[in-house]
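Here is a short tour for a reader new to this structure. Keep the sequence and the model in view while reading.

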Amino acid sequence: MKEFDYIIIGGGCAGLSLAYELNLHNKLNQKKLAIIEPRSEYVRDKTWSFWKVSSHNFEDCVKKSWSNFNLRLEGSVPTQVNQCQKYPYQTIDSGLFYKKITDNLKKNKNIYFFNKIDGLNIKNSFVFNSVPEFENQDSHLWQHFCGYEITTKKDCFNDKTIALMDFNCEQKNNVHFFYVLPFSKNKALIETTWISKNNDNSLKDYDLQIKSYIKSNFFNPEYEINYKEEGAIPLFYPSNSNKNNKINIGTAGCMTRLSTGYTFLNIQDHSKYIRMNIDKIENLKRFELGKKYKILDKIFLNVLMENPEKMPDIFYKIFHRNELKAIKFLSNKSNLIDDLSIILKMPKWIFIKSLLN
Ligand SMILES: Cc1cc2nc3c(=O)[nH]c(=O)nc-3n(C[C@H](O)[C@H](O)[C@H](O)COP(=O)(O)OP(=O)(O)OC[C@H]3O[C@@H](n4cnc5c(N)ncnc54)[C@H](O)[C@@H]3O)c2cc1C
């Protein structure tokens with residue numbers, strides 16, 4: 001059996017972020033780390049975006065930052081632009097992220113990569129696990145989506161402003177919006193996003209949805225598809241258990257904000273926390289996003305499940321003339337005043353009804 005001080009199960013976003021953070025701060029000079037990752041090569045497979053409310057190690061992997069975003073309700077023209085200079089919206093290219101980290105880790109002789117856990121002594125190591133386990137998947141809400149990154153022949157995007165949520169599309173009794181990240185005037189990532197249970201295939205004709213959105217919103221442009229991504233983020237917590245010699249990280253470690261699906265920056269905060277406390281890891285208090293967010297997100301998702309048709313208006317109200325407080329709240333950095341400003345904007349009766357149910 002091979003012996004290691006630390007084993008990271010899953011070399012995806014959370015596993016690699018943690019390994020990089022430990023290596024960067026010289027925490028692996030005297031310790032041996034094994035990373036278990038089944039994929040045979042790393043290629044760009046995700047586009048991670050977030051409001052930059054805290055620092056992270058990957059500024060050099062940022063594809064673009066924006067200071068403006070808008071939301072659009074059904075049947076309306078895009079609304080006024082919301083500004084976010086203080087917390088710019090950043091997008092990270094996972095291809096650059098994987099390359100930066102793997103190049104860095106390969107230089108340390110104490111870091112080993114395996115594609116299976118067989119033959120490693122788990123009992124004598126401290127384990128960081130990023131492989132989530134799910135129960136009753138079909139009874140929960142997911143954020144599922146598909147995106148095309150396209151280059152158009154003629155300029156057709158406003159590259160200064162992202163469309164965070166464009167609800168001007170068919171809802172089919174669920175919550176559906178388009179998300180547009182304009183990298184330049186002729187290049188953008190366009191995603192169709194649903195919040196629903198993940199077992200309804202009638203919502204998954206994603207290619208058709210995106211093509212028709214591009215045609216009707218950007219004057220039927222000629223374009224090429226450079227890249228495609230598809231995924232589903234669970235809006236519920238996985239069932240991974242915590243043991244004495246194990247900490248769950250990433251999605252498995254409940255780092256996803258359930259009301260939004262944002263996870264990337266929470267993973268970075270969690271990695272920093274582990275690195276700062278690595279010398280007392282066995283007795284470490286578990287890192288959490290905050291109880292108030294867990295409670296408020298649960299109520300929010302109950303309302304969403306019962307009143308999907310009300311959600312575009314609710315999302316719109318959260319941001320309307322309130323963007324900085326909303327960003328802090330959705331990035332779990334809000335204070336009581338920020339929280340109240342969001343709660344007071346909610347339609348009271350449906351939230352009270354949902355609480356009573
Ligand atoms: C397409 C997509 C886009 C997203 N965009 C955003 C975004 O814009 N902003 C945001 O904040 N969040 C986003 N998320 C959510 C979240 O940030 C990502 O899912 C993120 O990758 C989660 O990191 P993770 O390490 O938990 O999981 P992963 O990155 O999926 O890593 C898990 C790793 O475990 C490996 N693995 C699987 N099975 C095993 C096994 N049995 N043994 C060992 N290893 C195994 C996998 O190969 C994988 O590399 C997105 C998610 C997806 C799917």
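## A buried cysteine in a loop

C254 counts as buried, because it has 23 C-beta neighbours inside 10 Å. The cut-offs are these: a residue is buried if 20 or more other C-beta atoms lie within 10 Å of its own, exposed if 12 or fewer, and partly exposed in between, with C-beta atoms placed from the backbone. C254 sits in the loop between β15 and α4. Its phi is positive, about 60°, although C254 is not a glycine.

This is a predicted model, in which local features need pLDDT of at least 70 and side-chain atom pairs count only at pLDDT 80 or more, while totals for chains, interfaces and linings use all residues. Residues are numbered from 1 along each chain as its sequence is written. Helices (H or I, at least four residues) and strands (E, at least two) are DSSP runs, numbered from the N terminus.

## Three domains

The chain is divided into domain 1 (6–62 + 94–133 + 238–283), domain 2 (137–234) and domain 3 (291–356). These bounds come from an automatic or database domain assignment. Taken over C-alpha atoms, the centres of domain 1 and domain 3 are 30 Å apart. Their contact takes 8 residues from domain 1 and 10 residues from domain 3. Two residues are in contact if their C-beta atoms, placed from the backbone, lie within 7 Å.

On the domain 1 side, the residues that touch domain 3 are 5 nonpolar, 2 polar and 1 charged. Here Ala, Val, Leu, Ile, Met, Phe, Trp, Tyr, Cys and Pro count as nonpolar, Asp, Glu, Lys and Arg as charged, and the others, Gly among them, as polar.

## Around the ligand

How many residues surround the ligand? There are 29, and the closest are G10, G12, A14, G231 and G250. A residue is near a molecule or strand if its C-beta atom, placed from the backbone, lies within 6 Å of it. By class, this shell has 13 nonpolar, 12 polar and 4 charged residues.

Four elements each supply at least two shell residues: α1 (13–24), β3 (47–51), β14 (223–234) and α4 (264–276). The largest share, 4 residues, comes from β3. Domain 1 and domain 2 both give residues to the shell, so the ligand shell lies between them.

## An open mixed sheet

Seven strands form an open sheet with mixed pairing, in the order β6-β5-β11-β12-β13-β10-β14. β6 (82–83) and β14 stand at the edges with a single partner strand each, so one side of each has no neighbour in the sheet. Two strands pair if DSSP finds at least two bridges between them. Strands of a sheet pair through backbone hydrogen bonds, either parallel or antiparallel.

Start with β5 (residues 68–72), which pairs with β6 in the antiparallel sense over 2 bridges. N68 stands opposite Q83 in β6. β5 also pairs with β11, in the parallel sense over 5 bridges. There, T161 of β11 is the bridge partner of N68. Strand β11 (residues 161–166) is mostly covered, with 5 of its 6 residues buried. Next comes the pairing of β11 with β12 (residues 175–184), antiparallel over 2 bridges. D166 has F178 in β12 as its bridge partner.

## The loop between β11 and β12

N173 lies in the loop between β11 and β12. N173 is exposed, because 10 other C-beta atoms lie within 10 Å. Its phi is positive, about 60°, although N173 is not a glycine.

N174 is in the loop between β11 and β12 too. Is N174 exposed, partly exposed or buried? N174 counts as partly exposed, because it has 18 C-beta neighbours inside 10 Å. Not counting residues up to four places away in sequence, N174 touches W194, I195, S196, L203 and P308. N174 and Q83 are 91 residues apart in sequence and 28 Å apart in space, C-alpha to C-alpha.

## An exposed asparagine

N242 lies in the loop between β14 and β15 (246–248). N242 counts as exposed, because it has 10 C-beta neighbours inside 10 Å. Leaving aside neighbours within four places in sequence, N242 is in contact with I247, N248 and R286.

## One side of a helix

In helix α6 (residues 311–319), M311, P312, F315, I318 and F319 are buried. They cover an arc of only 125° around the axis, which puts them on the same side of α6. This arc is that of the directions from the helix axis to the C-beta atoms. Just after α6, R321 takes a positive phi of about 50°.
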